[in-house]
Amino acid sequence: MRIGIVGCGFVGSTAAYSLALFGIPSELVLVDANAECALAHAEDIQHATPFAHNVRIEAGPIERLAGCRIVVIAAGVGQKPGETRLELLGRNADVFRAIIPPIRTAAPDALLVIATNPVDLMTQIATRVADLPPERVIGSGTILDTARYRALLGAQLEVAPKSVHAYVLGEHGDSEVLVWSSARVGGLKVAQYAKQFGFEVTDDVRARIDEGVRRAAYTIIEGKGATYFGIGAGLARICRAIVADERTVQTLSVVNPNIEGVADVALSLPRVLGKEGIRATMEPKMDEAEHDALRRSAQVLRASLDELGF
C-alpha cells in the first residue's frame, strides 16, 4: 500500500521512519513545504531500509500523493511569541484550508490521519475542509496517552503493558480522562489484580499515574524540546491497522454527533479501526465521575470550536 506524509518536521519524519522500519507500506511519499527537507528525510530513511524492510521512499509535491490510500497530515505552524492559542489555531486552520483540497484532488480515496496539534480541533477542521464522512478523517487523539497509561499501570503491577486494558478518553490535552473504573488486567479489575498479587493501587498511586500521563508531554518538551518518538510509533500503529484491516480497538479522535450531551465535537473514544477507517465506536463503562469528566472535556473542546466559528 502507498502511504503519504504531509509535513516532515519532528513528528512527520519520525512517523515516516517508524512506518519504514515496521515495513507497513510498500511505498512511502514525503511532502513538505521545504522540498529539500522532505528529500533529505526520504534519502536518509531509504538508507535504513536494508536493515529492516523493502520500502520504496520518495519525496515530492502534493501531486505525488496520487495512489495513496492513507495520508498522514503532520503539517502546521509553531506558536509565535505573544500569540494566543486561538490565533495559532486560526493560522493552522489556514494551513489545512490550503493543503487539504489538493491532497483530496491527488488522492481522493485516501483516509486522512491527523497528527497536527491541537489534534482534536484540527481533526474537526480537517473533516469540514475535506468534506469527508467522519470515519475517514482520523485524529491520533489519545492513542499515545492510552499507551502511557498502560505503560505506567503495567509498571506498577509488574505486568506487560499489552496485558493492560485501560483507556484515556476525551481531549488529547489537559482535560483528558483516565478511565479507572473499567481498567482490566487479564480480565480482572485493577483492584482485584492488585489484591490477588500483593500490589498497591491507592489513591496516591492513581494520582501519580494520572500526573505521569497528563504531564508527560510537558516533561519531555522541557527536556528535549518536542515529543515525536511516541507519537511517530502511534501513527505507524494506526496505519498498520488500516493496511491490514485489523479491526483493532484504539482511542482515536473522530467528530461525534453527540457525546455526553455535547454536540458535534471531535474527541477520543475507543474505536474499531480497519481498512475503510472507523468501523464502530464503543461506549466504555464509566462511573459517574468519569462521565462528568468526559462531559467537561467535550465542553472545553466545544468552547474552542465556538470561538473559531465552528
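Author: D245 and R247 form a salt bridge, with their closest N and O atoms 3.3 Å apart. The term salt bridge here means a side-chain nitrogen of Lys or Arg within 4 Å of a carboxyl oxygen of Asp or Glu. D245 is partly exposed, at 21% relative accessible area. R247 is partly exposed too, with a value of 42%. The classes are these: buried is under 20% relative accessible area, exposed is over 50%, and partly exposed lies in between (1.4 Å probe, protein chains only).

A word on the basis. This is a predicted model, where local features need pLDDT of at least 70 and side-chain atom pairs count only at pLDDT 80 or more, while totals for chains, interfaces and linings use all residues. Residues are numbered from 1 along each chain as its sequence is written, and side-chain values use heavy atoms, leaving out hydrogens and water.

Over the whole structure, the search finds 14 salt bridges. Side chains of opposite charge can pair when their charged atoms come close. One network of salt bridges links R2, E27, R56, E58 and R64. Take E58. The side chain of E58 meets that of R56 at 3.1 Å, N to O. E58 also forms a salt bridge with R64, where the closest N and O atoms are 2.8 Å apart. E58 is buried, at 9% relative accessible area. Its two partners are another matter: R56 is partly exposed at 47%, and R64 is partly exposed at 35%.

Now the backbone. Most residues other than glycine have a negative phi, and most peptide bonds are trans. The bond from N117 to P118 is cis, with omega near -5°. P118 sits in the loop between strand 5 (111-114) and helix 4 (119-130). Helices (H or I, at least four residues) and strands (E, at least two) are DSSP runs, numbered from the N terminus.

D131 is not a glycine, yet has a positive phi of about 55°. D131 belongs to the loop between helix 4 and strand 6 (137-139). D131 is exposed, with 67% relative accessible area.

D264 has a positive phi as well, near 50°, and is not a glycine either. D264 lies in a strand, namely strand 11 (residues 262-274). At 31% relative accessibility, D264 counts as partly exposed.
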